[in-house]
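Subject: Structure handover

Hello,

Please find the structure below, followed by notes on what was found in it.

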Amino acid sequence: MELLIPGLILVALMVWASTKIKRDADAAFGEESIETDVLTVRKPDGFLHVLNDDSDLAFRAYSKEYGSGEANGIRKAIIEIEIFDGIDPEERFAELAAEYAKLANVEKLVDDNAISFSTEFVDDELEFKRIYRLIGRSDRLYETRITILAKYKEEFDSKIEKFVGSFQAK
């Protein structure tokens with residue numbers, strides 16, 4: 001009997017902690033505004049912003065869900081923003097055009113000093129769609145790369161459009 005009350009208290013604390021952890025984890029994948037010293041974006045719902053990333057990226061987020069079948073263990077979508085100094089959008093576009101033999105949906109927005117385009121590629125027998133947005137500000141280039149497992153592209157169309165529209169360089 002002496003152990004029953006402390007045991008019940010321990011179980012209650014474990015249930016409370018588990019619920020709180022789950023709630024906090026779900027909130028991390030919710031839509032939120034991310035502001036750094038170089039940019040501001042609105043992270044889409046279902047994505048997790050990677051903090052303390054060891055890479056040179058200004059922003060990185062990945063989808064909560066993984067692919068299925070052959071794509072098991074691979075995130076459905078990844079968003080990355082990289083900043084280059086001293087490169088203009090046309091110059092970077094030429095580099096990427098040389099890297100990808102087939103570019104689709106090339107759209108140049110000259111008035112905003114931006115270029116948007118997408119391409120498809122195969123890696124480890126999996127089809128991907130990558131969407132680029134190259135934005136020039138002063139002597140900096142902001143390169144947004146959104147990589148999506150091709151079979152899930154439609155699932156992310158509205159989220160990606162909203163994300164790209166929310167981008168602001170500082």
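Ala61 is buried, with a relative accessible area of 0% (buried is under 20%, exposed over 50% and partly exposed in between, with a 1.4 Å probe and protein chains only). The model is predicted, so local features need pLDDT of at least 70 and side-chain atom pairs count only at pLDDT 80 or more, while totals for chains, interfaces and linings use all residues. Residues are numbered from 1 along each chain as its sequence is written, and side-chain values use heavy atoms, leaving out hydrogens and water.

Ala61 sits in strand β4 (residues 59-63); strands are DSSP runs of E with at least two residues, helices are runs of H or I with at least four, and both are numbered from the N terminus. Leaving aside residues up to four places away in sequence, Ala61 touches Phe47, Leu48, His49, Val50, Ala77, Ile78 and Ile79 (contact: heavy atoms within 4.5 Å).

Ile5, in helix α1 (residues 4-28), is exposed, with a relative accessible area of 55%.

An open sheet of three strands runs in the order β1-β2-β10, with antiparallel pairing (strands pair if DSSP finds at least two bridges between them). β1 (32-35) and β10 (168-169) are at the edges with a single partner strand each, so one side of each has no neighbour in the sheet. Four antiparallel bridges join β1 to β2 (residues 39-43), and Ser33 stands opposite Arg42 in β2.

Regards
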